[in-house]
Amino acid sequence: MTATTTQIKHEVKDLSLAPLGKQRIEWAGREMPVLGLIRDRFAKEKPFAGIRLSACCHVTTETAHLAIALKAGGADAVLIASNPLSTQDDVAASLVVDYGIPVFAIKGEDSATYNRHVEIALDHKPNIIIDDGSDVTVHLVQHRQNQLADIIGTTEETTTGIVRLAAMFKDGALSFPAMNVNDAETKHFFDNRYGTGQSTLDGIIRATNLLLAGKTIVVAGYGWCGKGTALRARGMGANVIVTEINAVRALEATMDGFRVMPMEQAAAEGDLFITVTGNKHVIRGEHFAQMKDGAIVCNSGHFDIEIDLKALGAEASEVRTVRPFTQQYHLKSGKSVIVLGEGRLINLAAAEGHPSAVMDMSFANQAMACEYLVKNKGKLQPGLHSIPTEVDQEIARLKLAAMAINVDTLTSEQVEYMNSWTSGT
């Protein structure tokens with residue numbers, strides 16, 4: 001531990017893991033050119049000089065690049081984990097040792113530790129909060145009213161977090177602007193669909209070494225995360241069933257070639273169940289009772305509430321850990337149900353989360369959203385605000401340029417036609 005490191009407040013598993021973490025952070029950077037360009041600009045312009053920032057995110061190699069970019073821009077930043085099982089301990093160590101960023105995150109931390117870290121994030125007296133599920137923001141509003149005057153705004157990149165913020169605003173509890181990063185096109189079209197699709201199956205395979213080809217996989221929810229998961233599962237040779245509550249999405253899943261049915265019916269058919277709804281108890285006691293012996297259930301929604309583990313535990317005579325992140329519940333009926341990642345995000349519990357190339361765009365949106373809040377301090381009304389279209393387009397343009405892909409531009413004649421109402425057939 002260097003003298004500099006000892007002055008940086010932190011709570012990580014082991015600082016000696018830093019060399020491996022730095023190596024992995026640098027590897028991820030190869031696939032994150034857009035955020036790299038933003039970091040270089042931030043380093044010159046210092047848009048966050050004098051700004052205190054608390055970030056609650058999955059502590060991964062990709063998040064490291066966001067933290068590094070924000071610090072380069074002058075932010076006084078603190079990072080805590082947004083999920084007890086998603087922290088990469090070597091990355092957390094490297095951020096402290098190599099980049100001088102205070103980190104409070106340990107893989108497997110209990111709820112008491114997580115809640116203490118939320119308090120630490122707010123003890124930093126942030127002007128901007130980067131949230132992942134809105135836990136820090138909710139705690140601020142509920143328990144730190146005296147700090148509301150310090151808040152410029154918050155950014156949120158999960159569907160679950162946006163739902164919470166919308167409910168807060170509806171109840172009159174959200175008194176500051178919140179940037180809806182999740183709904184940026186360069187976020188949810190790619191992160192939710194391609195990122196979740198690939199990383200969810202990656203986590204399942206790492207936890208189980210399961211052959212997906214020929215299996216019946218039930219995907220609960222057909223939002224962007226569900227679409228990506230179903231698409232990738234089919235690509236691996238699985239027979240995919242989709243469950244939905246939304247008639248339009250159910251119709252879309254049907255026309256995309258998937259079987260659609262209620263969970264009550266799907267429970268008896270599935271070999272593997274993946275929840276991606278953002279809602280509570282999507283798989284319940286009555287569903288476990290209908291499942292095949294050895295059925296596997298996991299979650300890729302934000303919180304660990306989609307699978308009713310309390311109901312499952314009540315029916316279990318024994319719970320055994322059979323592989324890392326893999327628990328077998330032996331039921332009183334004689335059957336067993338296998339739960340992956342304790343019902344938490346399987347793509348981060350058992351794998352490394354989304355690929356860097358996808359998070360490049362998501363975290364570019366986060367960085368630009370923070371800059372937008374600072375530039376518009378005092379001008380934005382309380383409530384949810386979309387990422388400006390020009391920012392979304394610029395991120396897409398930078399990503400295409402990094403991939404050496406060119407696109408067409410409108411001719412003057414086409415511009416005139418698109419802006420005219422007198423020209424017709």
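# Reading a predicted fold

Modeller: Asp-191 counts as buried because its relative accessibility is 3%.

Biologist: What does buried mean, and what does exposed mean?

Modeller: Buried means under 20% relative accessible area, exposed means over 50%, and partly exposed lies in between (1.4 Å probe, protein chains only). Keep the source in mind: this is a predicted model, where local features need pLDDT of at least 70, side-chain atom pairs count only at pLDDT 80 or more, and totals for chains, interfaces and linings use all residues. Residues are numbered from 1 along each chain as its sequence is written, and side-chain values use heavy atoms, with hydrogens and water left out.

Biologist: Where is Asp-191 found?

Modeller: In helix 9, residues 185–208. Helices (H or I, at least four residues) and strands (E, at least two) are DSSP runs, numbered from the N terminus.

Biologist: Which residues is Asp-191 in contact with, leaving aside neighbours within four places in sequence?

Modeller: Contact means heavy atoms within 4.5 Å. Asp-191 then contacts Thr-196, His-354, Val-358, Met-359 and Ser-362.

Biologist: Where does UniProt place the feature "binding site"?

Modeller: Its unreviewed entry lists Thr-60, Asp-132, Glu-157, Lys-187 and Asp-191. UniProt positions are given in the numbering used here, feature names are shortened, and annotations may be inferred rather than shown by experiment. Take Thr-60. It sits in the loop between strand 1 (52–57) and helix 4 (61–72). Thr-60 counts as buried because its relative accessibility is 4%. Not counting residues up to four places away in sequence, Thr-60 touches Ser-86, Gln-88, Val-91, Leu-348 and Glu-352.

Biologist: Which way do the residues of strand 6 point?

Modeller: In a regular strand the side chains alternate between the two faces of the sheet. In strand 6 (residues 177–180), Pro-177 and Met-179 point one way, Ala-178 and Asn-180 the other way, and all are buried.

Biologist: How many bridges join strand 6 to strand 5, and how many to strand 15?

Modeller: Two strands pair if DSSP finds at least two bridges between them. Strand 5 (residues 153–156) runs parallel to strand 6, with three bridges. The chain goes from strand 5 through helix 8 (residues 159–170) to strand 6, a right-handed β-α-β crossover. Right-handed means that, with the strands pointing away from the viewer, the path from the first strand over the helix to the second runs clockwise. Strand 15 (residues 383–386) also runs parallel to strand 6, with four bridges. There, Pro-177 stands opposite Gly-383.

Biologist: How many disulfides are there?

Modeller: A disulfide is a pair of cysteine sulfur atoms within 2.5 Å. By this rule there are zero. For Cys-225, the nearest cysteine sulfur belongs to Cys-298, 13 Å away. For Cys-370, the nearest is that of Cys-57, at 9.0 Å. Cys-370 is buried, as its relative accessible area is 0%.

Biologist: Which residue other than glycine has a phi near 55°?

Modeller: Asn-209, and that value is positive. Asn-209 lies in the loop between helix 9 and strand 7 (216–220). Asn-209 is exposed because its relative accessible area is 61%. His-281 is not a glycine, and its phi is also positive, about 50°. His-281 lies in the loop between strand 10 and helix 13 (285–290). With a relative accessible area of 25%, His-281 is partly exposed.
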